[in-house]
Structures are given as structure tokens and as C-alpha cells.
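Colleague: I have the model open. Can you take me through how it packs?
Modeller: Fine. Some wording first, then the helices.

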Amino acid sequence: MKNQEVLDPASDAEAVMAAVAHQCLIAALDHSKADHINIILDMGGASNTKDETPVLKLPPRALRFFVDVLRQMAKQEPMLLVPQKHELTTQEAANFLNVSRPFVIKEIEANRLACRKVNRHRRIEFEELRRYQAAQQQQSEQALQDLTKLSEELGLEL
């Protein structure tokens with residue numbers, strides 16, 4: 001993935017503004033069942049006409065996205081924007097999953113992770129990588145639940 005896709009962490013002042021905006025948007029989303037939400041923009045007196053205040057009409061789904069971005073900014077964490085149909089190399093997929101490249105290749109060969117070939121190179125769609133990650137997480141949670149149930153049946157509780 002290219003460096004320009006990584007958004008640097010917010011400054012202290014930006015983090016404070018993001019935290020306040022995050023809370024405002026959460027309140028707007030929590031109390032609204034509307035199909036859109038109007039946001040009044042304060043242009044700092046830069047409006048063309050005296051009485052005309054710009055209003056931004058957004059769907060709640062877009063606001064949920066902004067809430068996620070603002071939450072990350074408030075935490076001062078870097079963000080990575082990835083287009084949905086973005087394809088990754090096996091090394092990039094390994095970095096994303098925090099595993100080795102040979103592990104990713106084994107998962108592909110075992111048909112647990114879908115990819116397409118470009119000449120001799122494998123390309124994995126980001127959406128497929130997210131699906132795989134969610135399936136692995138669900139499998140881990142199920143294994144933990146089974147282990148907990150087994151320990152309770154055997155009376156191994158602390």
C-alpha cells in the first residue's frame with residue numbers, strides 16, 4: 001500500500017476538535033431516525049449573501065463514517081484509507097493480518113483465502129481479506145466458547 005493512503009495522526013488541537021465533533025455527531029445519530037441530517041455550516045462570515053447559511057444534507061450512513069474517522073482522530077491514531085476493490089500483494093496481506101507471507105500462501109493454497117493470479121503473482125482483494133479476518137475471528141471466539149463450556153462441564157472453574 002502506498003504511503004499517501006496513510007493519514008498521519010491528528011495534532012493535539014485537531015484531536016480536541018475531533019472529540020467534540022464526534023460527540024455532536026453521535027448525539028445527532030442517536031436521536032434521529034431521519035433519512036438525512038442537515039448540518040449548518042459556519043463559514044465565519046464568508047457567506048455570499050447576508051441571510052444565506054449553507055446547509056449540508058447528509059445521509060446517516062455518511063455520518064457514521066465521519067464518526068469513525070473523528071473517533072480515530074480524537075485518539076490521535078493514524079488511519080489507512082483503502083478502496084473497497086483494492087488488491088493487495090501476499091506481502092501486504094500478510095502485513096495487514098500480522099502473519100508471515102508463507103502463512104498467507106498456505107491459506108490461499110488451502111482455499112481459505114481467495115485470490116486471483118496476475119501472471120505468477122497473487123492478488124487478494126481487500127474485501128476478501130476482511131472476510132477472511134472476520135471468519136478467523138469468529139472461529140477463535142467459537143473455540144473459546146467451546147473451551148469455556150468444556151471446562152464448566154468438567155468442573156475446572158476457578
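Modeller: Axes are lines fitted to C-alpha atoms, for helices over the stretch in contact, and angles run from 0 to 180 degrees between N-to-C directions. Helices are DSSP runs of H or I with at least four residues, numbered from the N terminus. This is a predicted model, where local features need pLDDT of at least 70 and side-chain atom pairs count only at pLDDT 80 or more, while totals for chains, interfaces and linings use all residues. Residues are numbered from 1 along each chain as its sequence is written, and side-chain values use heavy atoms, with hydrogens and water left out.
Colleague: At what angle do the axes of helix 1 and helix 2 cross?
Modeller: Roughly 150°, and the axes of helix 1 (residues 12-30) and helix 2 (residues 60-74) come within 8 Å. Angles over 145 degrees count as roughly antiparallel, so helix 1 and helix 2 are roughly antiparallel to each other.
Colleague: Which residues of helix 1 and helix 2 make the contact?
Modeller: Among them are Ala18, His22 and Leu29 of helix 1 and Leu63, Phe66 and Leu70 of helix 2; contact means heavy atoms within 4.5 Å.
Colleague: New topic. Where is Val99 found?
Modeller: Val99 sits in the loop between helix 3 and helix 4.
Colleague: Is Val99 exposed, partly exposed or buried?
Modeller: Val99 counts as partly exposed because its relative accessibility is 29%; buried means under 20% relative accessible area, exposed over 50%, partly exposed in between (1.4 Å probe, protein chains only).
Colleague: What does Val99 touch?
Modeller: Ala94 and Val104, not counting residues up to four places away in sequence.

Key: Helix = DSSP H or I, 4+ residues; strand = E, 2+ residues; numbered from the N terminus. Parallel < 35°, antiparallel > 145°, perpendicular 65-115°, else oblique.
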